[in-house]
Amino acid sequence: KTRRDVFGETLGGWQVSGIANFDGGLPVAISDSTLGTDPAGLGVFGSNNTSPRPDQICNANSGPQTLAQWFNTSCFADVPKGQVRPGNSTRYPIRGPGFERWDLSAFKNFKLNERMSLQFRGEFFNIFNHTNFQGVAATLGTTTGASAFGRITSTRDPRIIQLGMKMYF
């Protein structure tokens, strides 16, 4: 083989692809866990997406957006005792943390003979290992979660690398 052939086999046959994902954040439902009560007689109890909502007194998205307090938690209050009505908060008043992920793939193809080739693959998901926050504690009034209300509670996947080899024949 000539020097040019060896050089071409070494540096040639590469494929690279990538995907970039960006999102402004998912909506977050705020619920009021005044367990055991059903202030408006709606037939719902407990803390879930169908549970009673609190009163909203200001724009909660104007908060500091830190890990300790993602939204302005003082914008929500329990429905006053003695009032039989649901809270006035909309279903999803909070915009959750945004999302950014860069995925990259690199493939090297080797021609073994006329009918056979080999491909080495490297796939990198979240290649820059950017931390993407996900969960927000959004239940007002729980005894265990009262101090967690408004905090970031989880993250999405970290960087994942997978390597593979494929033979074509």
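Helices (H or I, at least four residues) and strands (E, at least two) are taken as DSSP runs and numbered from the N terminus. The structure is a predicted model, in which local features need pLDDT of at least 70 and side-chain atom pairs count only at pLDDT 80 or more, while totals for chains, interfaces and linings use all residues. Residues are numbered from 1 along each chain as its sequence is written, and side-chain values use heavy atoms, with hydrogens and water left out.

The protein chain holds 1 helix and 10 strands, which follow one another from the N terminus in the order α-β-β-β-β-β-β-β-β-β-β. Of its 169 residues, 30% count as buried, that is, under 20% relative accessible area, with exposed meaning over 50% and partly exposed in between (1.4 Å probe, protein chains only).

A disulfide, defined as a pair of cysteine sulfur atoms within 2.5 Å, is formed by Cys58 and Cys75, whose sulfur atoms are 1.8 Å apart. Both cysteines lie in the loop between strand S4 (55-56) and strand S5 (76-77), so the pair ties together parts that are 17 residues apart in sequence. Cys58 is partly exposed at 33% relative accessibility, whereas Cys75 is buried at 0%.

Asn132, located in the loop between strand S8 (117-125) and strand S9 (139-140), is likewise buried, with a relative accessibility of 3%. Beyond its neighbours within four places in sequence, Asn132 is in contact with Gly98, Phe99, Glu100, Asn126, Thr155 and Arg156, where contact means heavy atoms within 4.5 Å.
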